Amino acid sequence: ETGVTQTPRHLVMGMTNKKSLKCEQHLGHNAMYWYKQSAKKPLELMFVYNFKEQTENNSVPSRFSPECPNSSHLFLHLHTLQPEDSALYLCASSQAFGVQAEAFFGQGTRLTVV
Amino acid sequence: GIQVEQSPPDLILQEGANSTLRCNFSDSVNNLQWFHQNPWGQLINLFYIPSGTKQNGRLSATTVATERYSLLYISSSQTTDSGVYFCAVAANTGFQKLVFGTGTRLLVSP
């Protein structure tokens with residue numbers, strides 16, 4: 001399997017639930033990212049991990065908790081979400097530095113909070 | 001931070017027509033990518049083009065980094081080209097954090 005894979009593709013959760021999104025990359029990259037795409041808004045960078053270390057947190061509420069156990073896997077743990085958190089969540093990977101730092105995205109998880 | 005503007009926001013074409021999408025950015029970049037977002041939400045890589053010109057079939061792209069803009073050309077458009085086209089850039093800070101434009105929504109009718 002190649003590329004960036006996200007699971008699940010669709011998720012419906014209540015505001016009191018706890019769930020996790022998973023991302024796996026098979027491209028040998030050393031940086032991974034979470035982006036959020038809400039309706040009528042541009043994609044927003046949420047978190048960046050470089051060599052498993054979190055290097056960016058763009059003022060994301062604490063109800064979103066990322067985890068990067070190794071350079072190939074990235075999780076986004078969700079708890080006590082709000083309906084306005086409903087969105088498409090996209091994972092990406094790239095080389096962190098260098099000339100060929102093209103980013104590749106997974107298929108996304110479409111999250112609905114009810 | 002860096003700003004990215006795309007134009008036009010919406011575009012309707014007849015099948016077979018050509019089009020040009022524009023991306024302006026506000027600062028020096030070391031990464032510029034064009035994506036096509038399909039109806040299921042996946043971002044498909046079209047071009048990695050921080051400078052210069054590239055072609056891939058009916059699509060081509062040009063980035064003039066010194067003037068801070070990039071163009072995506074679609075020739076002989078097909079209905080399967082419909083979707084949203086995004087430009088994304090990373091500033092010259094040594095780390096790849098893509099900032100996205102608001103996209104151009106393209107509809108190609110038969």
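Predicted model: local features only at pLDDT ≥ 70, side-chain atom pairs only at ≥ 80, totals over all residues.
Beyond its neighbours within four places in sequence, Q37(A) is in contact with L43(A), A87(A), L88(A) and L90(A) in chain A, and with Q37(B) and F86(B) in chain B. The side chains of Q37(A) and Q37(B) make a polar contact with each other, at 2.7 Å. Within chain A, R110(A) lies 73 residues away from Q37(A) in sequence, yet the two C-alpha atoms are 9.4 Å apart in space.

Turning to the interface as a whole, 28 residues of chain A are in contact with 19 residues of chain B. Together the two chains bury about 1,800 Å², with carbon and sulfur atoms accounting for 56% of that area. On the chain A side, the residues that lose the most area to chain B are L43(A), E102(A) and F105(A), which together make up 25% of what that side buries.

Polar contacts link 7 residue pairs between chain A and chain B, counting pairs with both residues at pLDDT 80 or more, whereas 0 salt bridges are found across this interface. Strands β4, β5, β6, β9 and β10 of chain A each give two or more residues to the side that touches chain B. Among these, β4(A) gives the most, with 4 residues. By class, this side of chain A has 16 nonpolar residues, joined by 8 polar and 4 charged ones.

Terms used: Residues numbered from 1 in each chain as written. Chains lettered and ligands numbered in written order. Heavy atoms only, no water. Contact = heavy atoms within 4.5 Å. Buried area = accessible area lost by both parts, 1.4 Å probe. Salt bridge = Lys/Arg side-chain N within 4 Å of Asp/Glu carboxyl O. Polar contact = N/O pair within 3.5 Å; in protein donor to acceptor, adjacent residues only side chain to side chain. Nonpolar A, V, L, I, M, F, W, Y, C, P; charged D, E, K, R; others polar.
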